[in-house]
Amino acid sequence: MKVSRLATVIISLLTVVVFTTQSGNAAPEDRWLYGSAGYARAVELQRELNVPLVVYFYTDWCPYCHALDKDYLPAAPVKQYLRGVVKVRINPEHGRAEREIAKQYGVRGYPSFFIMRNPASQPASVNPFRRSGKNLTPAEFVSACQQAESFSAQTKLTRTPAPTTANAVGPTQQKAKSQIVNVPPAAPNFINNAPLPTLDAVLAKYVAAIGGREAQRKITSRVSKGRLDVPGVSFGGKLEVYAKAPNKSLTIMNAEPAGLIKEGFDGRTSWSVTSNGLDVDNNVNRAAVIDADFYREIRLAELYSRIKLVGKVKEGFRQVYLVEAVPKGGAAENLYFDVESGLLVRRDVTRNTPNSSVRVEIYLSDWRDVDGVKLPFKITQILPKMRFVITFDDIRQNVPVDDAMFLRP
């Protein structure tokens, strides 16, 4: 199936869903991000959603962190407040990148709980614990967070002041003495001094893992059918994906509340049709050509104008090789190849919406053998405003597919 093509269609669905279900700024997804990679994503989300950013520094051995996790974060008023922010947890003992972020915030003790109203604001710290023992209640902690947010909104980030402490310093903290600096998105959590293969070796292992070039070339068409779930919005939507060599594709989805959406590429032109009658021709760009290429997975080095192996990265519980691929005239993509299996487990792409560009995280899993080639039967796509889960239950290859179905209706 055309994973990247699905990303484009999902964005079309996202536009309709957001228009139907939301007004004003979109609410962030109610989940914590983690580590340096999570911090980089949190900074992006704050800019996209225009909501406060909460950065929580902790360690596993800190008793006050345990108390914050047990007595405050699960409390109803705190949970309600945190639903409206982008939030990330960082343990500086987990790596150099995490320590650098803590240094930029002037962290000298734990827990350190910072709030930034916008990317240009001065971080303000909040601590519910008191040396006197009269700790804040959860409701008082929320009030303190709101005051810190208000103060942060009025204070520009500079290179001289330290983070403002909105409340008395807790038992395990000291006031930060270091200067606050601009806090850019952190780099991925690279594994330093890790021996690296060549880019050609990484790509060759991937091609071998999905069956090899010869097996891939034997496939000339593919029909994939399954389910589309939008957690928190709808479940059980229908999804069909048709693809034919060398570069034709059609995706048909029917999910509430958007209804029927069709997106196709006939080899020259992209088009989309929704249930409200919208019919749009899109100018072909290099990204669209790459997305529709039937043999994309065995032609990665040929399809991008620039592609390089960046390093070895920790991605969740696994180690992966991070490859940066830049299409001609397009935004850089990140490809993550599992060190052990060689399979592509994640892909980050940027796709355009009617109003802006959107960064999409695509996670590939449940790889299965179909006619001698491996395909992912589960694809999870994470966008700024929501998550989409695609589960295929039937994939057939080398079946008759009429060229006419790829033409704009």
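Buried means under 20% relative accessible area, exposed means over 50%, and partly exposed lies in between (1.4 Å probe, protein chains only). The model is predicted, so local features need pLDDT of at least 70 and side-chain atom pairs count only at pLDDT 80 or more, while totals for chains, interfaces and linings use all residues. Residues are numbered from 1 along each chain as its sequence is written, and side-chain values use heavy atoms, with hydrogens and water left out.

**Exercise 1.** Classify Cys62 and Cys145 as buried or exposed.

Solution. Cys62 has 1% relative accessibility, so Cys62 is buried. Cys145 has 2%, so Cys145 is buried.

**Exercise 2.** Count the disulfides.

Solution. Look for pairs of cysteine sulfur atoms within 2.5 Å. The count is 0 disulfides.

**Exercise 3.** Describe how helix α2 packs with helix α5.

Solution. Helices are DSSP runs (H or I, at least four residues), numbered from the N terminus. Take α2 as residues 35-49 and α5 as residues 96-104. Axes are lines fitted to C-alpha atoms over the stretch in contact, and angles run from 0 to 180 degrees between N-to-C directions. The angle is about 50 degrees and the axes are 8 Å apart. This makes α2 oblique to α5, since angles under 35 degrees count as roughly parallel, over 145 as roughly antiparallel, 65 to 115 as roughly perpendicular and the rest as oblique. Contact (heavy atoms within 4.5 Å) involves Gly35, Ser36 and Tyr39 of α2 with Ala97, Glu98 and Ile101 of α5.

Key. Helix = DSSP H or I, 4+ residues; strand = E, 2+ residues; numbered from the N terminus.
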